[in-house]
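Thank you all for making the time this morning.

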Amino acid sequence: MKVPFLDLQLQHQPLRAEVLAALAETYDATRFCLGKDVEDFEKGFSTTFGHTRTLGMNSGTSPLHIASICGGFGPGDEIITTPFTFASSCWGISYVGAKPVFVDIDADTWCISPEAIAQAITPKTKGIVVVHIFGQPARMDEIMALAKQHKLFVVEDCAQAVGATYRGAPVGAMGDCGTFSFYPTKNLGACGEGGALVSKHTAVMEQAYLLRVHGSPKRYTHTEVGFNFRMDGFQGAILNIKLKHIAKWTERRRAIAAKYRAGIKRADVQLPVVPSYGESVWHQFTLLHPRRDELRVHLEKCGVGTEIIYPGPMHRQPCYAELGYAVGSLPVAEKASATCLSLPIFPELTDEQVDHVIQSINAF
Ligand SMILES: *Cc1c(COP(=O)(O)O)cnc(C)c1O
């Protein structure tokens, strides 16, 4: 039996007619950049997930850049973040000339450790970029308490966590700014690039609104050096259709994760922990195994596709070599990178495929 790591066609084929009809409408109306489709999506996203307001953008990296500006981050500032993430989580910090300060992660959920954050705070610390990695919410109460105590601006990178909650609150709404990505492989994926920014602060939303389109409150008046981070009308139209399915897709991801957790029975596998404080949306189902590479080859032979996400933690990437983090400096993140293996978990997987993955792992 073949179990691909991810098959995007299975989600897109059933939506084909509806999506193409929506695209035709947007095309005929020439609503190419922002416009009604994007505005509808912004409203729908806010009501679906519980945000005050949403700004659609052209990627998940752009709102991270804007969040750094809204947080007032700049040269000389230290921004604490996690090394166990996709590179883009750190780019917003670097784009504005601030310094990423990497701290270790919790050994069970692989999200940034609040205890490690507390130890890294200095008089130069200006903010924290939290990542809800693999769809699992980070420990926001502890993080927000530190932020309040030290007056830090908190950015939540929710690129992998659309729909996840922490003690009932939607991710992205607890910090000062939340960012999302609609890259096609994300839980809510556009057919191309897309992203969004949310914030509970009116001032942040107003500044982000201006920065998104050339820092321009009025045509040809530029109050700030801005960007072109507009979302395409086509992507808005597609995301409006997909938004109707996200609850069902998330439910299916949760059911698959529950099956994996109940079925994989090996003493040498560390399964992802489901903490009582939050609900993951299972962007990835990732386990740790000391012989990860051999397990991966074995699964390949069984027809099961897997990925190593992420093989190299950010503090050891060549682009951050000058920060001087030695091997072993963040041992929990390094162990996760050295032993992690992500299993197939897209909503269209059949129960038979999930059972095949489980049996293949148990037979290793
Ligand atoms: C995908 C991703 C991003 C960036 O999103 P893009 O849309 O590719 O720019 C940022 N952070 C994390 C954790 C991601 O997984």
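When I say that two residues are in contact, I mean that they have heavy atoms within 4.5 Å of each other. Please also keep in mind throughout that what you see here is a predicted model.

With that in hand, let us take Tyr260, which, once its neighbours within four places in sequence are left aside, is in contact with Phe285, Leu343, Pro344, Leu349, Val354, Val357 and Ile358. Tyr260 belongs to the largest nonpolar core, a set of 92 residues, and it stands with Phe182 and Ile264 among those that have the most contacts inside that core. Domain 1 (9–243) and domain 2 (246–362) each give at least three residues to this core. As general background, nonpolar side chains in soluble globular proteins tend to be buried together.

Now to the ligand. Which residues come nearest to it? Out of the 15 residues around the ligand, they are Gly60, Thr61, Asp157, Ser181 and Lys186. For Thr61, a polar side-chain atom lies 2.5 Å from an oxygen atom of the ligand, while for Asp157, an N or O atom of the side chain is 2.7 Å from a ligand nitrogen atom. Gln160 also takes part, with a side-chain N or O atom 2.9 Å from an oxygen atom of the ligand. The ligand taken alone would expose 380 Å², and the protein buries 92% of that area.

Finally, the backbone, where the background is that most residues other than glycine have a negative phi, and most peptide bonds are trans. Against that, Phe134 has a positive phi, near 65 degrees, and it is found in the loop that runs between strand S4 (125–131) and helix H6 (140–150). Is Phe134 buried or exposed? Its relative accessible area is 4%, so Phe134 is buried, given that the cut-off for buried is under 20%.

Trp282 likewise has a positive phi, of about 50 degrees, and its place is in the loop between strand S10 (278–279) and strand S11 (285–288). Trp282 counts as buried because its relative accessibility is 7%.

The last item concerns a peptide bond: the one from Ile309 to Tyr310 is cis, with omega near 10 degrees, and Tyr310 lies in the loop between helix H10 (292–301) and helix H11 (331–339).

Terms used
Residues numbered from 1 in each chain as written. Predicted model: local features only at pLDDT ≥ 70, side-chain atom pairs only at ≥ 80, totals over all residues. Heavy atoms only, no water. Core = buried A, V, L, I, M, F, W, Y, C linked by side-chain atoms within 4.5 Å. Buried < 20%, exposed > 50% of the residue type's maximum accessible area, 1.4 Å probe, protein only. Domains from an automatic or database assignment. Near = heavy atom within 4 Å. Polar contact = N/O pair within 3.5 Å; in protein donor to acceptor, adjacent residues only side chain to side chain. Areas by Shrake-Rupley, 256 points an atom, 1.4 Å probe, with all protein chains shown as cover. Helix = DSSP H or I, 4+ residues; strand = E, 2+ residues; numbered from the N terminus.
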